[in-house]
Amino acid sequence: MQEKILILDFGSQYTQLIARRVRELNVYCEIHPYNNPPAIDESIKGVILSGSPFSVRDEKAPIPDLSEIKGKLPLLGVCYGAQHLAHCFGGEVMASNKREYGRANLTSVDNSCALLKGISLNSQVWMSHGDTIERMPANYKVTASTADVENAAFAIEGETTYGIQFHPEVYHSTEGIVLLENFIVGICGCSQDWTPDAFVETTVAELKEKLGDESVILALSGGVDSTVAAMLLHKAIGKNLYCIFVDNGLLRKNEFTNVLKQYETLGLNVTGVDAGEKFISALAGVTDPEKKRKIIGNAFVEVFDEESHKVENAKWLGQGTIYPDVIESVSVTGGPSQTIKSHHNVGGLPDYMKLKVVEPLKLLFKDEVRRVGRSMGLEDKFISRHPFPGPGLGIRILGDITAEKVRILQEVDDIFISGLKEDGLYDEVWQAGAMLLPVQSVGVMGDERTYESVVALRAVGSTDGMTADWSHLPYEFLAKTSNKIINNVKGVNRVVYDVSSKPPATIEWE
């Protein structure tokens with residue numbers, strides 16, 4: 001039985017970062033909504049209560065049932081989780097009269113506390129809350145403070161229960177990983193055996209049992225997610241996997257031909273389907289980003305439904321869905337977190353399509369997917385490939401979509417991506433692409449006035465897509481790329497560069 005840490009989600013946008021940090025310690029964890037936890041069994045070694053946009057003083061504040069957890073399993077409350085442990089067990093939480101957001105430093109640390117072993121005095125932590133614990137319950141011992149927050153951390157006497165009012169999972173808490181390791185390894189006793197190799201072995205075994213002799217139709221995209229998903233399924237069911245690569249008319253320049261050729265080396269059964277006209281026609285006149293995504297998603301479903309009828313005993317649709325897709329499309333496994341945008345491969349299938357969905361990677365982050373791919377021996381050309389959105393250029397053309405706009409953006413994108421590779425910058429960037437804006441500007445070419453389109457270039461650095469910062473590409477490269485685009489792509493006379501981070505902006509513009 002795979003040992004795990006259970007994370008109860010109260011809706012914090014940091015919840016998935018807690019999961020990432022736990023997994024970096026080679027320990028498996030699962031996020032579940034606070035009001036629908038799994039049955040507590042021997043596999044659960046400890047529990048973490050997440051932060052929340054709510055206040056424990058709110059009338060509708062989320063209240064978990066901890067009767068099978070508190071005092072029986074190691075328990076760590078983070079921010080809201082800590083305040084809940086104080087507020088609901090005899091303490092008092094009040095609105096803070098001082099701003100408690102951003103960096104702070106620990107002015108006292110009790111290193112005799114197992115949770116704070118090795119944590120330095122003045123260690124930097126990250127605060128993000130409007131409430132503060134004003135009074136502790138009787139058997140709670142304060143173990144750390146900051147200049148503004150007296151009860152920054154506590155331990156409950158006689159229990160392996162702890163609370164902290166800061167976020168150890170974020171980068172700005174410089175010794176946060178030490179604290180989490182103290183809890184997960186030192187207190188919970190996890191063995192740190194959840195590795196990429198172990199994931200492959202476990203997942204392949206589960207897929208074999210789940211799928212049996214039934215066939216799977218897999219939606220290949222050429223990206224790392226669907227490729228790794230395909231290899232896992234291939235290991236599990238071999239010839240019963242049928243891969244479909246759809247040209248939706250919104251791919252990069254020459255992408256359809258190039259990707260099909262690359263897949264020839266992997267021994268997969270791959271069929272290419274040219275459905276570009278179907279997608280472009282369905283998108284005619286549509287400008288709303290969410291409607292575009294839904295139309296593209298529906299068109300994919302129709303294509304795969306048609307293809308599934310050509311495969312004997314096809315019972316499953318395989319997808320390369322990963323965790324950030326799920327988090328941004330729906331609240332985390334049913335919890336109270338916010339929906340940011342829908343993803344075309346998330347949310348189930350229509351009733352008329354009689355396929356069940358199998359998603360081998362849906363609980364992995366992008367960097368974890370890459371590590372799993374490497375453990376299966378996938379070449380770097382598959383693993384290091386930049387992410388590319390499922391809806392393709394459809395969400396990089398702002399406004400309505402036409403075949404001519406797709407042509408323009410394909411040419412621009414090709415110059416940009418090829419330039420990154422030629423200048424040795426491609427592997428320094430996590431994701432890059434171009435956006436065609438619904439804006440025209442005046443320009444001069446030769447002696448003539450032009451009034452043509454504006455394109456925006458976007459390049460970001462990230463590890464999982466949940467947060468990202470804009471890449472500081474060399475000015476010389478940007479100047480060269482801009483000149484090449486304007487001189488070679490008819491219909492474009494202005495190039496701009498996006499210097500927005502995520503958050504507040506998303507990586508894609510739509």
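Guide: Before we start, contact here means heavy atoms within 4.5 Å, and please keep in mind that this is a predicted model.

Visitor: Leaving aside its neighbours within four places in sequence, which residues is S221 in contact with?

Guide: S221 lies in the loop between β10 (215-220) and α5 (224-237), and UniProt, in an unreviewed entry, lists S221 under "binding site". When the neighbours within four places in sequence are left aside, the residues in contact with S221 are S226 and F245.

Visitor: Is S226 buried or exposed?

Guide: S226 has its place in helix α5, and its side chain reaches the backbone nitrogen of S221 at 3.0 Å. Buried means under 20% relative accessible area. Because the relative accessible area of S226 is 4%, this residue counts as buried.

Visitor: And which backbone nitrogen does the side chain of S221 reach?

Guide: S221 is partly exposed, with a relative accessible area of 38%. Its side chain reaches, at 3.1 Å, the backbone nitrogen of G223.

Visitor: At what angle do α5 and helix α10 pack, and what does that make α5 relative to α10?

Guide: The axes of α5 and helix α10 (residues 366-375) are 10 Å apart, and the two helices pack at an angle of about 45 degrees. Angles under 35 degrees count as roughly parallel and 65 to 115 as roughly perpendicular, so the angle between these helices makes α5, relative to α10, oblique.

Visitor: Which residues of α5 make the contact with α10?

Guide: On the α10 side, the contact is made by K366, V369, R370, V372 and G373. On the α5 side, it is made by V224, D225 and V228.

Terms used: Residues numbered from 1 in each chain as written. Predicted model: local features only at pLDDT ≥ 70, side-chain atom pairs only at ≥ 80, totals over all residues. Heavy atoms only, no water. UniProt positions renumbered as here; feature names shortened; annotations may be inferred. Helix = DSSP H or I, 4+ residues; strand = E, 2+ residues; numbered from the N terminus. Buried < 20%, exposed > 50% of the residue type's maximum accessible area, 1.4 Å probe, protein only. Polar contact = N/O pair within 3.5 Å; in protein donor to acceptor, adjacent residues only side chain to side chain. Axes fitted to C-alpha atoms, helices over the stretch in contact; angles between N-to-C directions. Parallel < 35°, antiparallel > 145°, perpendicular 65-115°, else oblique.
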